[in-house]
Amino acid sequence: MLDKKIQEAISKAFAELYKHDLPSIEVGLQPTRKEFEGSYTFVVFPYLKVTKGGAEDSGAQIGDWLKENTDFITDYNVVKGFLNLKLSDRSWTETLSEIAKNESYGTFAANGQKVMVEFSSPNTNKPLHLGHLRNNFLGDSAARILEANGYEVKKVNLVNDRGVHICKSMLAYQKMGNDETPESAGMKGDHLIGKYYVKFDQMYKAEINVLVEEGMEPEEAKKEAPSIKEAQEMLQKWEKGDSETVALWEKMNNWVYDGFDKTYETMGIRFDTMYKESNTYLLGKELVEEGLQKGVFFKKDNGSVWVDLTEDGMDEKLVLRGDGTAVYMTQDMGTCDMKHKDFPFNKSVFVVGNEQDYHFKVLFTIMKKLGRTYADGLYHLSYGMVDLPTGKMKSREGTVVDADDLLQEMFDTAERHTRELGKIEGMDASEAGILYRTLGLGALKYFLLKVDPKKRMLFNPQESIEFQGHTGPFIQYTHARISAILRRGKSLEVQTSFDAKNVGELSQREVDLIFKITAYSNALQEAAKDFSPAIIAQYVYDLAKDYNGFYQEVPIFNEENKDKLAFRIALSSMTAKLIKQGMSLLGIDVPDRM
């Protein structure tokens, strides 16, 4: 590739001009700023001790050497120690020709490394909501990006299917359910159970109000309300294996799983392994014993077990209650071991909101102190909350922004918007229906993934579906436009191969587009290194934007030079391929026609 050729040439320049060994891999290049002529920039400042000259003079020396000793660098300019390099048109056409012939361009060979990505992790007492959408899309996209970088990836979902919050829905159903089923209610199973979670909360709050009116302190009333005590009793029955309680738990959870499956299918999300907390919550107790023996943990007078992390900049953390029952940390320690035993990973990524930052910092430190060799590979992919223009989400009051409702709203908005713009001419109802779902889901995924995961974000459904601007539909429409050009080229029997030396002079738009195509692999590697789909989202948007600029300024089919016409078709084809590939890494489909 061109950047490697430039790196090798600069390395040789240093050897000849300054008798200095600068390995080509250490030669840093960056894109030239738009206001200067050139494509690649080499920063001279770090090497002035080697060149023993000023920044301008050193840049000129290196630039002169490159012009004289390479056939692909045609000119240069030096701006305050930044050496901007201009490349020959032929080098660009040859580069595109090489890329077009390389069927595996943009993917990396297997690197022998294993990565587990855990995401989604819903509770079985309510449907998925807007926050879950960001989590699912992030986890799925991160897994796809890692896979494209050569990692063997396993996608897992650890479902929170037990605990007092699950018993709240069960208790409300037991008291008020009247044997209602998803079928009799005409509801998805997860929505039905969510309804009873809300009913519990209403019942619980009413009881608290009564107790407070009778003179009890609010905090005391929260503990003494009859329904919360009943839910805690139900959890104890479940833990003891009470057959009636377990049967109700299984029935209600199965309804929820059926509902989740439908939502995951709509979202295009699949998992390799589903773990359930009911099977993992007892794990970790043997690790507590191991930690005590190793002196990592200590016991307090009440029998509870703790870890002291004050020297690590944290505080003391409970790892086992005095009555011998587990806390979340106990379970997470055991789950780490179980996951590594199932799939001996080099890295394990936890996609969880940033409110759990401290928890994971503690967990990873504990696993290192316990001497787990895999602990350095544990990584928390932390992300910020998603807000809507109407305000924050809440679930217990039943005002949650439901994932199914939001998905349907996106499909409906896509249909309305697409019809208004007349982009379904010539499509039958089935094709149009598929297009609405492709655009609606693409708009939602792209809007949630284009923002750096660490940042809190505002999701604007109306803005996300626009065909102009930094949106999924803009990129999808660009792909459909290129596909139409390629179909026309095929119908005119335009040849798809070209002779690079006969293409001739290129416009700046063509050079910019090839440059952007050559940057794909770097974007892919950077996205994997940072676990950030936002890098791919930005890349694909920039690529689509550059293509639209090319399309508006450079006539394709008016070209009489057959090689140049074939070159422009190949340039269009490669752009479409990378848009499709990049959007696929975000879990987004692109239509061939609109």
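Which residues of α20 are buried? The points below answer this and then turn to other parts of the predicted model.

1. The protein chain contains 23 helices and 14 strands. Its C-alpha atoms occupy a box of roughly 90 × 65 × 40 Å along the principal axes. Of the 594 residues in the chain, 53% are buried. Among contacts with a separation of 6 or more, 74% are between residues 24 or more positions apart.

2. Helix α20. The buried residues of α20 are Glu 510, Val 511, Leu 513, Ile 514, Phe 515, Lys 516, Ile 517 and Thr 518. The helix is therefore mostly covered by the cut-off of under 20% relative accessible area, with eight of its eleven residues buried.

3. Five elements each supply at least two lining residues: α1 (2-18), β1 (29-31), α20 (508-518), α21 (520-530) and α22 (533-553). The largest share, five residues, comes from α21. By class, the lining consists of twelve nonpolar, eleven polar and six charged residues.

4. The largest cavity. How many cavities of 30 Å³ or more are counted? The count comes to one, and about 30 Å³ of space lies in the largest cavity. The residues lining it are Asp 161, Arg 162, Gly 163, Ile 166, Cys 167, Met 170, Leu 235, Trp 238 and Trp 249. Helices α6 (164-176) and α10 (226-239) each supply at least two of the lining residues, and α6 provides the largest share, with three. By class, six lining residues are nonpolar, one is polar and two are charged.

5. The sheet of β8, β9 and β10. These three strands form an open sheet in the order β8-β9-β10, with antiparallel pairing. Because β8 (297-299) and β10 (316-320) stand at the edges with a single partner strand each, one side of each has no neighbour in the sheet. On average, neighbouring strands here are turned by 40 degrees against each other, direction ignored.

6. Three bridges join β8 to the antiparallel strand β9 (residues 305-308). Within this pairing, Phe 298 stands opposite Trp 306 in β9. Helix α13 (residues 285-294) packs on the sheet and touches β8, β9 and β10. The direction of α13 makes about 90 degrees with that of β8. Helix α14 (residues 328-342) also packs on the sheet, touching β8 and β10, and its direction makes about 70 degrees with that of β10.

7. Strand β5. Is β5 (residues 114-118) mostly covered or mostly uncovered? The strand is mostly covered, with four of its five residues buried. β5 pairs with strand β6 (residues 152-159) in the parallel sense, over five bridges. In this pair, Val 115 stands opposite Val 153 in β6.

8. Tyr 358. This residue is located in helix α15 (residues 357-369). Its relative accessibility is 35%, so Tyr 358 counts as partly exposed. Setting aside neighbours within four places in sequence, Tyr 358 is in contact with Met 314 and Asp 315. Phe 474 is 116 residues from Tyr 358 in sequence, and the two C-alpha atoms are 39 Å apart in space.

Key
Residues are numbered from 1 along each chain as its sequence is written. This is a predicted model: local features need pLDDT of at least 70, side-chain atom pairs count only at pLDDT 80 or more; totals for chains, interfaces and linings use all residues. Side-chain values use heavy atoms; hydrogens and water are left out. Ala, Val, Leu, Ile, Met, Phe, Trp, Tyr, Cys and Pro count as nonpolar, Asp, Glu, Lys and Arg as charged, and the others, Gly among them, as polar. Two strands pair if DSSP finds at least two bridges between them. Axes are lines fitted to C-alpha atoms, for helices over the stretch in contact, and angles run from 0 to 180 degrees between N-to-C directions. Contact means heavy atoms within 4.5 Å. Buried means under 20% relative accessible area, exposed over 50%, partly exposed in between (1.4 Å probe, protein chains only). On a 1 Å grid over the protein atoms alone, a cavity is a set of points where a 1.4 Å probe fits but cannot get out, and a pocket is an open set with protein on both sides within 12 Å along at least five of seven lines; lining residues have an atom within 4 Å of a point. Grid points are joined across faces, edges and corners, and a volume is the space filled by probe spheres set on the points.
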